[in-house]
Amino acid sequence: MQVRQEARPRARSAFVAAFLSLIFPGLGQAYAGAYGRAMTIAAIPILFFALVGGIGLRMDRLELLGFIVQPWVLQSIFVLNVIALAYRGAAIVDAWRLVIYMNSAVAAGGGRLGGPRLRWSVTSLAGLVAILLVMAGAHVAVARYDLQAMAFVDCVFDDDGTADCDAASGPTPTPSDGPDASEAPSPIPSPSPGASAAPTQTPLPPWDGKERLSVLLIGSDERPGESGKRTDTLIVATIDPTTRRVAMFSLPRDTVDVPLAPGPARSVFGTSYAGKINSLYGAAMARPDVFPGNDNVRGYSAVKAALGELYGLDIRWYVEVNFEGFKEVVDTLGGVTINVQIPVSDDAYPGDDGRLKRVYIPAGVQHMTGPEALTYARSRHGSSDFDRGQRQQRVLLSLREQTDVAAVLPKVDQLIAALTSAIKTDIPVGELPKLLALADGVDVTNIRSYVFQPSFWAEERRSGDPRGYVIVPRVDRIQTAVRNAFTVDPAQEELREALGDEGARVLVLNGSGVDGQAGAVARYLDFWGVSASASSQRPEGAAPATARIVAYNGAETAFPQTVAFLEATYGATVVPEVDPAARADLVIVTAAEMPNPTPPPAP
């Protein structure tokens, strides 16, 4: 009887084993039938991914991003990447050799594993090398991005002012340019001989994540062929961590007489900085004897301190965006869609070649490239710095709402390069996880926006001032608005601005004889933004039974919102009259029986 021979085990592919271990360490060993060995090799990466997954699940998306860019995390990623490269390479080679060994053993002794001669082909070895090269390429890419991220963090997050990167802008000051060429630059007193060393600055206590957080956003203009920079865009963003509400305050670049914080600078410049606010950076860089900090932080510290004094806020950090780098960032993000509320027309926009050109952006929803978004944000000759401040806030909010992390990942190289050239900040990188977690929960649909423009927030002077065209802030009103930004009724604030912008001159006469009545009415109107004054002059004729309001020389049509407000407040109908000698646009004659509202008490 013939004995039936069992079929010889089918030889396995060493290339397949190596490829499976490329997908995940240990799969190639399982394919070869060495299951215990496979579990041992796979255990380490499984435990690692479980740990990383657990950490990731505890954080939201932006908080996780802030954690990843910590220097120690990036350094750990580099080391772990090298270890993973070696470990995966060893697992791939082991799976390849294991299959060859087992195939050779089967061929030599029908399944005995006693010292067979390993048999491999050039094709199999070439496949192994190809797999190792593919695997190594992936790790080289990770290392490259990791090194880019480390360089980016070192250059951008410069909290101690020691970064020395090509993207850093020079400290040379540039005088402010005004609305016309006749303006004189703001004088910067030179240090006196034997001036003392730079003063020190007391740092703010660490942010506890609960108190109101304020950050200065700077848009700097560094034009081709010119040295230095202009801090033309100054926006302070303040966040209430409890309610996640945000307010943004823009100060026009031609604002003067901004209060200076107590310190040595007051001995040189006085209690306020007489120059335009966009020249303060340069003034601080030129006076290291009175402004604290090294050459990389002095100008920023001076601007933060001055705006903090003006607003009554502790401005903790700054974020500077270079206009040229801004264009690259927007293009890398795929552009930005903006609802243009008012058409932008500018016949004197500065081009990249130094020549003036005409730009026009129609109203409506527009998808803009980087250069187009920068033009929209910077243009001012066809409108005003005030409209420009509102447009700049609109661009920032649009970018915040539309950035898609998944869509940006394929362009991470370009984005890192663009951000490195565009952004500089003194935010400590260790604060990023907490800040990004806060930003992710911000209610962008309910952001309070202020542009401190004339006439309610400031006085505009076009002539008669030796400094040229300037804007003088009404500090008390600005500080009240900042203090109440999260509590005031937005409709009330909008009405105050509208009344202030109309600029009607109101004179209050005491027709009742009640002591202090005219002054009380004037103070109430002043609270609402109406330019009112009380006169000691008594009106002619008998005391009126009810309040009387007279509009002179067409004021009833020139100031419609003010007229409507006065009629609603005092229950009187405005009477038009013509008198070329009238000293005011509207005159209120008080009566004993009339409403007497008072402004709310200051908080």
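The questions below go through this predicted model one label at a time.

Q: How many helices and strands are there in the protein?
A: There are 20 helices and 19 strands. Of the 603 residues, 45% count as buried.

Q: Why is methionine 39 called exposed?
A: Exposed means over 50% relative accessible area. Methionine 39 has 57% relative accessibility, so it counts as exposed. You can find methionine 39 in helix H3, residues 35-57. Its C-alpha lies 8.7 Å from that of glutamine 29, ten residues away in sequence.

Q: What makes aspartate 465 buried or exposed?
A: The cut-off for buried is under 20% relative accessible area. Aspartate 465 has 12%, so this residue counts as buried. It lies in the loop between strand S13 (458-461) and strand S14 (470-473).

Q: Which side chain makes a polar contact with the side chain of aspartate 465, and what makes it one?
A: The partner is the side chain of arginine 461, at 3.3 Å.

Q: What is noted about phi of asparagine 553?
A: Phi is near 55 degrees, a positive value in a residue other than glycine. Most residues other than glycine have a negative phi. Aspartate 257 also has a phi near 55 degrees, and this aspartate sits in the loop between S3 and strand S4 (258-259). With 23% relative accessibility, aspartate 257 counts as partly exposed.

Q: How do you know that the buried residues of H1 line one face of the helix?
A: In helix H1 (residues 14-23), the buried residues are Ala14, Ala17, Ala18, Ser21 and Leu22. Seen down the axis, they fall within an arc of 145 degrees, so they line one face. An α-helix has 3.6 residues a turn, so residues three or four places apart point the same way.

Q: What makes serine 13 a cap of H1?
A: A side-chain oxygen of serine 13 lies 3.3 Å from the backbone nitrogen of phenylalanine 15, at the N-terminal end of H1.

Q: Why is helix H11 called mostly covered?
A: Seven of the nine residues of H11 (370-378) are buried. Among them are Gly370, Leu374 and Tyr376.

Q: Which residues touch the most other members of the largest nonpolar core?
A: They are Leu216, Phe249, Leu307, Tyr311 and Phe452, out of 40 residues in this core. Its largest share, seven residues, comes from H9. Leucine 307 touches Leu216, Leu234, Val236, Leu251, Ile277 and Ile315, leaving aside residues up to four places away in sequence. In soluble globular proteins, nonpolar side chains tend to be buried together.

Q: Which helix gives the most to the lining of the second largest pocket?
A: H9 does, with eight residues. The lining has 37 residues, and those nearest the pocket's centre are Gln201, Thr202, Pro203, Ser301 and Lys304. About 990 Å³ of space lies in this pocket.

Technical notes: Residues are numbered from 1 along each chain as its sequence is written. This is a predicted model: local features need pLDDT of at least 70, side-chain atom pairs count only at pLDDT 80 or more; totals for chains, interfaces and linings use all residues. Side-chain values use heavy atoms; hydrogens and water are left out. Buried means under 20% relative accessible area, exposed over 50%, partly exposed in between (1.4 Å probe, protein chains only). Helices (H or I, at least four residues) and strands (E, at least two) are DSSP runs, numbered from the N terminus. The arc is that of the directions from the helix axis to the C-beta atoms. A polar contact is a pair of N or O atoms within 3.5 Å; within protein, one must be able to donate a hydrogen and the other to accept it, and residues adjacent in sequence count only if both atoms are side-chain atoms. A nonpolar core is a set of buried Ala, Val, Leu, Ile, Met, Phe, Trp, Tyr and Cys residues joined through side-chain atoms within 4.5 Å. Contact means heavy atoms within 4.5 Å. On a 1 Å grid over the protein atoms alone, a cavity is a set of points where a 1.4 Å probe fits but cannot get out, and a pocket is an open set with protein on both sides within 12 Å along at least five of seven lines; lining residues have an atom within 4 Å of a point. Grid points are joined across faces, edges and corners, and a volume is the space filled by probe spheres set on the points.
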